[in-house]
Amino acid sequence: LDLVGQKRGTVKFVGKVPSLGAGYWVGIQLDLATGDVNGTIAGTQYFSCDENHGTFIRPKELEIG
């Protein structure tokens, strides 16, 4: 999938992440080390990937392709 045409990766998590705010989030394992997490937010592991290969975004920011 594309993150609005900027980054490519694989969906690893869909759900609520209270420390990021209300609503649903999508956890993405990125193909390149262009992320900001390893799947862990505020001490809770939502998915596992290498350091800087993960990011969380809102579902509306996804582009499947």
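**View 1. H53 and the residues it touches in this predicted model.** Once neighbours within four places in sequence are left aside, H53 is in contact with I28, Q29, L30, D31, L32, A33 and V37. H53 lies in the loop that links β4 (44-45) to β5 (54-57). Is H53 buried or exposed? With a relative accessible area of 19%, H53 is buried, because the cut-off for that class is under 20%.

**View 2. N38 and H53, brought together from separate loops.** Here we look at N38, which sits in the loop between β2 (24-30) and β3 (40-41). How far apart are N38 and H53 in sequence and in space? The two are separated by 15 residues along the chain, and their C-alpha atoms are 6.1 Å apart. N38 has 25% relative accessibility, so it counts as partly exposed.

**View 3. The side chain of N38 and its polar partners.** Zooming in, the N38 side chain reaches the backbone nitrogen of T40 at 3.2 Å. It also makes a polar contact with the side chain of E51, at 3.4 Å. E51 is one of the residues that N38 touches beyond four places in sequence, and the others are F47, S48, C49 and D50.

**View 4. Strand β5 and its pairing with β2.** Finally, have a look at β5, which runs antiparallel to β2 and is joined to it by four bridges. Which residues cover the two faces of β5? G54 and F56 lie on one side, T55 and I57 on the other, and all of them are buried.

Conventions. Residues numbered from 1 in each chain as written. Predicted model: local features only at pLDDT ≥ 70, side-chain atom pairs only at ≥ 80, totals over all residues. Heavy atoms only, no water. Buried < 20%, exposed > 50% of the residue type's maximum accessible area, 1.4 Å probe, protein only. Contact = heavy atoms within 4.5 Å. Polar contact = N/O pair within 3.5 Å; in protein donor to acceptor, adjacent residues only side chain to side chain. Pairing = 2+ DSSP bridges.
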